[in-house]
Amino acid sequence: KEIIEPFRGNNCPNLLGKPKLFIFQACRGGKEDGGVTKDHEQSKVEDDVETRESTNQLQIPTEADILAAYPVPLGYAAWRDEENGSWFIQSIVEAIQEY
C-alpha cells in the first residue's frame, strides 16, 4: 500500500492514463496453502461488458491504471526454491520472454 499510494491518480495526475505495473515477491502473512486437486476440464468465461453514455468528463478510479501482482493472497506465505527462486517470478519472466 505504501509503495503504490504515491502513484495513484489523485497523488500523481501526470501519470493518469499511463499503465503502472508493480510486481511484489513477498509473503503477505504466515498461512500455508496446501493446494487442491482438480480434474482437467475446460471452462468458458463469458465477458460482461457494460456500456455507458459518453460525457465531457471521465471519472475513473484512482487506481484505474495500476496493476499490482502478488504471489499469494493476503494472509499467506510465499514460497521460493533456494536454487531456482520463486515460481511466481519465474512465470512472469517466461511470459515476458515469450511475448
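**View 1. The whole chain, from end to end.** Reading from the N terminus, the elements run β-β-α. That comes to one helix and two strands, where helices (H or I, at least four residues) and strands (E, at least two) are DSSP runs, numbered from the N terminus. This is a predicted model, so local features need pLDDT of at least 70 and side-chain atom pairs count only at pLDDT 80 or more, while totals for chains, interfaces and linings use all residues. Residues are numbered from 1 along each chain as its sequence is written, and side-chain values use heavy atoms, with hydrogens and water left out. Of the 99 residues, 16% count as buried; here buried means under 20% relative accessible area, exposed means over 50%, and partly exposed is in between (1.4 Å probe, protein chains only). Take the contacts with a separation of 6 or more: residues 24 or more positions apart account for 76% of them. Contact means heavy atoms within 4.5 Å.

**View 2. Helix α1 and its span.** Helix α1 covers residues 87-98, which is 12 residues. From its first C-alpha to its last it reaches 16 Å, close to the 16 Å expected at 1.5 Å a residue. The expected span is 1.5 Å times one less than the number of residues.

**View 3. Ser 86 at the start of the helix.** Ser 86 sits in the loop between β2 (66-69) and α1, and it caps the N-terminal end of α1. The cap is made by a side-chain oxygen of Ser 86, 3.0 Å from the backbone nitrogen of Phe 88. The side chain of Ser 86 also makes a polar contact of 2.8 Å with the side chain of Gln 25. A polar contact is a pair of N or O atoms within 3.5 Å; within protein, one must be able to donate a hydrogen and the other to accept it, and residues adjacent in sequence count only if both atoms are side-chain atoms. Leaving out residues up to four places away in sequence, Ser 86 touches Gln 25, Trp 79 and Arg 80. Ser 86 counts as buried because its relative accessibility is 6%.

**View 4. Phe 88 and its neighbours.** Phe 88 belongs to helix α1. Its relative accessibility is 10%, so Phe 88 counts as buried. Not counting residues up to four places away in sequence, Phe 88 touches Ile 23, Phe 24, Gln 25, Ala 69, Tyr 70 and Pro 71.

**View 5. Ala 78 beside Cys 27.** Here's another residue from the loop between β2 and α1: Ala 78. With a relative accessible area of 16%, Ala 78 is buried. Ala 78 and Cys 27 are 51 residues apart in sequence, yet their C-alpha atoms are 4.6 Å apart in space. Setting aside neighbours within four places in sequence, Ala 78 is in contact with Gln 25, Ala 26, Cys 27, Pro 71 and Val 72.

**View 6. Glu 32, out in the open.** Glu 32 is found in the loop between β1 (20-23) and β2. Because its relative accessible area is 60%, Glu 32 is exposed. Even so, Glu 32 touches Tyr 76 and Trp 79, not counting residues up to four places away in sequence. Its C-alpha atom is 9.9 Å from that of Val 72, a residue 40 positions away along the chain.

**View 7. Glu 5, ahead of the strands.** Glu 5 lies in the segment before β1 and is partly exposed, with a relative accessible area of 30%. Glu 5 and Glu 63 are 58 residues apart in sequence and 9.0 Å apart in space, C-alpha to C-alpha.

**View 8. The cavity.** A search of the whole structure turns up one cavity of 30 Å³ or more. On a 1 Å grid over the protein atoms alone, a cavity is a set of points where a 1.4 Å probe fits but cannot get out, and lining residues have an atom within 4 Å of a point. The largest cavity holds about 50 Å³ of space, its volume being the space filled by probe spheres set on the points. Its lining is made up of 13 residues, with Gly 9, Leu 16, Lys 20, Thr 62 and Asp 65 nearest the centre. By type, the lining splits into seven nonpolar, two polar and four charged residues.  Ala, Val, Leu, Ile, Met, Phe, Trp, Tyr, Cys and Pro count as nonpolar, Asp, Glu, Lys and Arg as charged, and the others, Gly among them, as polar.

Notes: 1 Å grid on protein atoms, 1.4 Å probe; cavity = no way out; pocket = protein on both sides within 12 Å on 5 of 7 lines; lining within 4 Å.
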